[in-house]
Protein chains: 2
Amino acid sequence: MSSKQTAEPAALLRQHGLQVTAQRLAVMKVVSAHPHATAEGVAEDVRAEIGSISRQGVYDALGTLADNGLVRRIQPAGSPARFEGRTGDNHHHLICRDCGAVVDVDCAVGAAPCLTPSDDAGYNIDEAEVIYWGYCPTCTANREARTDN
Amino acid sequence: MSSKQTAEPAALLRQHGLQVTAQRLAVMKVVSAHPHATAEGVAEDVRAEIGSISRQGVYDALGTLADNGLVRRIQPAGSPARFEGRTGDNHHHLICRDCGAVVDVDCAVGAAPCLTPSDDAGYNIDEAEVIYWGYCPTCTANREARTDN
DNA sequence: CGCGCATCCTTGACAAAGTCAATTATTTGA
DNA sequence: TCAAATAATTGACTTTGTCAAGGATGCGCG
């Protein structure tokens, strides 16, 4: 019990030299409980958690956590930014063009092969972000129904 | 000379059942001349080309062209949408976290392997978008200079 | 060549997402 | 407990993009 739980939120913050505040703890909790939430969604859930938080507080906490790798920010076209707690495991996302649903997928080819493009143009690459676009089962069914017409 | 050039902009528009207008022609020209331009940048260049265009005209033209596959829209996090003329060749992008510079790269593993995630969750996938994040040569140098301090 | 209809463009108001800057509050080490 | 450093709140502002109504243009047809 006295051992360091790496998942202990307060300890994680301290490990990164960050102060421990109710806002940050609540944001961390919400993000891991509801992956792929938007900033707005996080704000709502945080308010349910600790009563209130300012918009700026949410952006600030999410930004700080993202800068320190405690949270990952993804920004699909046509949708506000979304946040999730899974970091550092090289997983990617599958997004529905119709309803915007986001699902996690592990990297297609294994560990981190995506980190080796055919020509890096001299860039110093540190991440490969992959988004698979398509239609989720529900929306696929809707579209087929329409086509069969 | 009289043969159909598939790259003939006006013909391309007609092939897709679209009217040929000065605005669309100018937008197409600008997008292929300046890949990765933002909507704002396209608007400026189009004005230099044909005198004037409304903001809505630019968005409308870009949207219509994108819907018809004549232009590709990419939307990197932390940056407005960008547009390019290269379509259908499964190439990806390399973006600098500092200066936002965008560079094309061919698909890392070949044709379209990205279209086969390890688990498609029942989704009907039609595109895989890959963004490599890192630092361009110039910004890498700047950062190292700062670190060597 | 000119008419009419469909399509397109312009205009101006509006909305969403996020940022900036100044002030106030909280955390935390001494 | 105190003071300095760090965070949070507040409210105005910016950027990027959309909506809706009306005028202008492209283009098939006679």
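Visitor: Two strands count as paired if DSSP finds at least two bridges between them, and strands are DSSP runs of E of at least two residues, as helices are runs of H or I of at least four, numbered from the N terminus; over how many bridges do strand 1 and strand 3 of chain A pair?

Guide: This is a predicted model, in which local features need pLDDT of at least 70, side-chain atom pairs count only at pLDDT 80 or more, and totals for chains, interfaces and linings use all residues. Residues are numbered from 1 along each chain as its sequence is written, chains are lettered from A and ligands numbered from 1 in the order in which they are written, and side-chain values use heavy atoms, with hydrogens and water left out. In strand 3 of chain A, A:Arg82 stands opposite A:Thr38. Strand 1 and strand 3 (residues 82–84) of chain A pair in the antiparallel sense, over 2 bridges.

Visitor: Which are the edge strands of the open sheet in chain A?

Guide: The open sheet of chain A has 3 strands with antiparallel pairing, in the order 1-3-2. An edge strand pairs on one side only, and here these are strand 1 (37–38) and strand 2 (72–74) of chain A.

Visitor: Are helix 3 and helix 4 of chain B roughly parallel or roughly perpendicular?

Guide: Axes are lines fitted to C-alpha atoms, for helices over the stretch in contact, and angles run from 0 to 180 degrees between N-to-C directions. The axes of helix 3 and helix 4 (residues 55–67) of chain B come within 10 Å and cross at roughly 110 degrees. Angles under 35 degrees count as roughly parallel, over 145 as roughly antiparallel, 65 to 115 as roughly perpendicular and the rest as oblique. Helix 3 and helix 4 of chain B are therefore roughly perpendicular.

Visitor: How does helix 2 of chain B lie relative to helix 3 of chain B, oblique or roughly parallel?

Guide: Helix 2 (residues 22–33) and helix 3 (residues 39–50) of chain B pack with their axes 9 Å apart, at an angle of about 120 degrees. This angle makes helix 2 of chain B, relative to helix 3 of chain B, oblique.

Visitor: Which residue of chain A comes closest to the rotation axis?

Guide: With copies superposed by least squares on the C-alpha atoms of residues with pLDDT of at least 70 in both, chain A can be laid on chain B with an RMSD of 0.2 Å by a turn of 179 degrees and a shift of 0.1 Å along the axis. The two copies are thus related as by a two-fold rotation axis. At 2.3 Å (C-alpha), the residue of chain A that comes closest to the rotation axis is A:Val130.

Note on methods
Two strands pair if DSSP finds at least two bridges between them.
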